[in-house]
Amino acid sequence: MGLKKLYGVIGDPIAHSLSPAMHNEELEKLGIDAYYHPFHVKGKDLPKAIEGMKVLGVEGFNITIPHKTDVMPLLDEVDPLAKRIGAVNTVVSNNGKYIGYNTDGQGFIDAVKEEWEVFPASGRTLIIGAGGAARAIYYTLISSGLTQVDICNRTLSRAEELIGSHQTNADSQALTLKEAESELGRYSLLIQTTSIGMGDSEGMSPIMLQNMQQNCFVADIIYTPWKTAFLEQAAAGGAKIQNGIGMLVHQGALAFEKWTGISPDTDRMKKTVMERLGGITC
Ligand code: ATR
């Protein structure tokens, strides 16, 4: 029998990560002799941690806040999309070399396709926010061939930079939050990527949706609370809504597949995560 394989996630903080439960349950159910461990690593220790992971033969791992960018120069290779995004969330060992990928954006796309059966790209798409999550989603959408993707943000210059730094034929515009509110009728898909609506800002929404198309598709990447004030507003206006649980599961499923070569059961992963979140049901 070979050695048990080791996977994990590196972050700070890490204790509340749902990834260990999600991956370990799946490894066990699929009969894979491996274990996924949460590693609490402070920024100053990141280089030592990556070196240690390699020496100890860790086969693959996730990287989460706040290390997604700082890990990049510590890896042997970084995939072109992850480079463009400027963040790595998944590391895979290839014959002892660590290769970095970003599965966040594709995880979002897979979640949307699963939930809505289509990617609602017939009209324009609006991303709300211009931080790390927005970067991953924007670049993955553009890389997968979508062209009409706009970004609105509290700080307009960040949205402009995000669009400007991508050399493609994308027909993208940067908008202020106020402009987005009045132009909302142009969009068939809205993607909320800011942290507004969770933690201290629970109950708040980054934009008001009065001008939204009635049959709009609306996604929020937050999953605690289950339904943000933004999604409540969208649902009240007749939109089809989804929260961030699907993205969490699918970014993990893509990493799992890269490590093991096996497609995990995403319904089961979702169930595991929902149980951990306190038995919330859809
Ligand atoms: P992440 O990597 O999680 O996306 P981030 O890079 O800090 O986090 O980005 C957070 C996003 O939430 C940004 O778009 C931020 O807007 P700014 O670029 O103007 O900072 C947005 N955000 C945070 N607090 C906000 C608030 N009170 N109102 C509106 N947008 C806010």
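These legends describe close-up views of a predicted model.

**View 1. Helix α5, residues 132–143.** Helix α5 has 12 residues. At 1.5 Å a residue, α5 should span 16 Å. Buried residues in α5 are Ala134, Ala136, Ile137, Tyr138, Tyr139, Thr140, Leu141 and Ile142. Glycine 145 follows the helix. The phi of glycine 145 is positive, near 105 degrees.

**View 2. The largest nonpolar core.** This core has 29 residues. Those with the most contacts inside it are Phe108, Ile127, Ile137, Tyr138, Leu141 and Ile151. Several elements give two or more residues to the core: the helices α3 (80–85), α4 (104–116), α5 and α6 (156–164), and the strands β8 (149–152), β10 (187–192) and β11 (217–220). Helix α5 supplies the largest share, 7 residues. Ile137, Tyr138 and Leu141 of α5 are buried. In soluble globular proteins, nonpolar side chains tend to be buried together.

**View 3. The shell around the ligand.** Residues around the ligand include Gly129, Ala130, Gly131, Gly132 and Ala133. Asn153, Arg154, Thr155 and Arg158 are also among them. By class, the shell has 3 nonpolar, 6 polar and 2 charged residues.

**View 4. Polar atoms facing ligand oxygens.** Asparagine 153 has a side-chain N or O atom 2.7 Å from an oxygen atom of the ligand. For arginine 154, a polar side-chain atom lies 2.8 Å from a ligand oxygen. Alanine 133 takes part through its backbone: a polar atom there is 3.3 Å from an oxygen atom of the ligand. On its own, the ligand has 640 Å² of accessible area, and the protein covers 67% of it.

**View 5. Threonine 194 in its loop.** Threonine 194 sits in the loop between β10 and β11.

**View 6. Glycine 261, between two helices.** Glycine 261 lies in the loop between α9 (245–260) and α10 (266–276). Its relative accessibility is 64%. Exposed means over 50%, so glycine 261 counts as exposed. Glycine 261 and threonine 194 are 67 residues apart along the chain. Their C-alpha atoms are separated by 33 Å.

Notes: Residues are numbered from 1 along each chain as its sequence is written. This is a predicted model: local features need pLDDT of at least 70, side-chain atom pairs count only at pLDDT 80 or more; totals for chains, interfaces and linings use all residues. Side-chain values use heavy atoms; hydrogens and water are left out. Helices (H or I, at least four residues) and strands (E, at least two) are DSSP runs, numbered from the N terminus. The expected span of a helix is 1.5 Å times one less than its number of residues. Buried means under 20% relative accessible area, exposed over 50%, partly exposed in between (1.4 Å probe, protein chains only). A residue is near a molecule or strand if one of its heavy atoms lies within 4 Å of it. A polar contact is a pair of N or O atoms within 3.5 Å; within protein, one must be able to donate a hydrogen and the other to accept it, and residues adjacent in sequence count only if both atoms are side-chain atoms. Accessible areas come from the Shrake-Rupley method with a 1.4 Å probe; for residues, only the protein chains shown count as cover. Ala, Val, Leu, Ile, Met, Phe, Trp, Tyr, Cys and Pro count as nonpolar, Asp, Glu, Lys and Arg as charged, and the others, Gly among them, as polar. A nonpolar core is a set of buried Ala, Val, Leu, Ile, Met, Phe, Trp, Tyr and Cys residues joined through side-chain atoms within 4.5 Å.
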